[in-house]
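Dear colleague,

Please find the structure below.

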Amino acid sequence: MSEQLIDWDLALIQKYNYSGPRYTSYPTALEFSEQYTENDFQASVQRYPSRPLSLYIHIPFCHKLCYFCGCNKIVTRQGQKVEQYLDVLEQEIKHRAPLFADRQVSQMHWGGGTPTYLNKEQISRLNGMLRRHFNFLPSAEVSIEIDPREIELDILDHLKSEGFNRMSMGVQDFNKEVQKLVNREQDEEFIFALINRAKALGFSSTNIDLIYGLPKQTPESFAFTLKRVAELAPDRLSVFNYAHLPSRFAAQIKIKDHDLPSANEKLDILQETITSLTNDGYQFIGMDHFARPDDELAIAQREGHLHRNFQGYTTHGDSDLLGMGVSSISMIGDNYAQNQKDLKAYYASVAEKGNGLWKGITMTDDDCLRRDVIKTLICNFQLEYAAIEKDHNVNFAEYFVEDMKLLAPLAKDGLVTINDKGIYVTGKGRLLIRNICMCFDVYLRQQARRQQFSRVI
């Protein structure tokens, strides 16, 4: 697939900027059910028994509360809580690992919360547990999320010695006023020192997270952040849209509505971000991700085998994903399964059953077909009917009559071009890819569900 530039059409963006899923899964987590059982989970493991395995480990602890955050986290200064958590996580690892005894781990990611809340000994303890119980490939991609505010520089050396080779750091904004208003003040020089140390140690990929739409942000202030990011020169960037939902995330009450940029200012910031980053040589991967053209994400997209999961875009499309820890989600054998979101409930579940399973879904043939259609569009910005027909033994035009009717107005507006071979997302449609995917989402046809999602831009 050749790289295509974004064609910024403000009128279309405003027209289609309504709520919708981010499609880190299809069906989305709204469809997960507590009727899903451990027997269902174990059956899912047998579905594709020779697939490589990707591990996700959730570490929920944070030192400070960032007011914008919607993640599952626990803000505490009580270090002993980590030891208790690791004790429980160890039990879950011991019970889950035998199900995957014949699998090889090709990828692992520690997310949170703040995984670097763990000290060196705790990092080694958890990593040792995982490596004793799972079979890691020597070439495994091992990544971790880092908070630059509460970390010593030599933690990176320790992580490298433990086998970590990728890091992602939340920066959000370099503007001091913005940082103060979201309770995330950080040392700019130290952020540069961390990135430089990671590169010197031979980390194969560095990612920076930014957020647009935060209080007191302006196109001019964010341009300064982008200038500093260009100097940092990370391999990848995630630029997230801040969704202000204080009714769902209590800490967001501390962010005042009158401090937030207007809808038009947010769009100006986004347009400036895309222009600035692409001018600096980054490839727009999709939605909120950018990567250097020689990065695996960019290469995978150009070659048509990019994948998407709960961590965003990834190159490991042929893997099953096992999530462990509170609230973590697994994607295994055409099933999704989520652990308990409440820490006490997670502890009780592991004590009783050896796992934290809360709910999930076994996908139907229709779910699998629509998942592949949505994933293909959101990852590659084009879909060839023949490939879908071959994989699922359907006639695309006949099967998706209703869906193509829903897509027709988007084609008329120039978001996609449709011919007898496939669907091709245009430069105008790239930023509105979620809207295009929504045409194939049967669950969304119950219109009221839309209220539970964030806006697409």
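In what order do the three strands of the open sheet lie? The order is 17-19-18, with antiparallel pairing; strands are DSSP runs (E, at least two residues) and helices likewise (H or I, at least four), numbered from the N terminus, and two strands pair if DSSP finds at least two bridges between them. Strand 17 (382-384) and strand 18 (416-418) are the edges, each pairing on one side only.

This is a predicted model, in which local features need pLDDT of at least 70 and side-chain atom pairs pLDDT 80 or more, while totals for chains, interfaces and linings use all residues. Residues are numbered from 1 along each chain as its sequence is written, and side-chain values use heavy atoms, without hydrogens and water.

Strand 18 and strand 19 (residues 422-425) are joined antiparallel over three bridges, and Thr417 stands opposite Tyr424 of strand 19. Helix 12 (residues 365-380) packs on the sheet and touches strand 17 and strand 19 (contact: heavy atoms within 4.5 Å).

Helix 12 also gives the most to the lining of the second largest pocket, namely seven residues. A pocket here is an open set of points on a 1 Å grid over the protein atoms alone, where a 1.4 Å probe fits, with protein on both sides within 12 Å along at least five of seven lines; lining residues have an atom within 4 Å of a point. Of its 41 lining residues, the closest to the centre are Leu306, His307, Asp372, Lys375 and Thr376. Strand 17 and helix 13 (385-392) are among the elements that each supply at least two lining residues.

Yours sincerely

Note on methods
Axes are lines fitted to C-alpha atoms, for helices over the stretch in contact, and angles run from 0 to 180 degrees between N-to-C directions.
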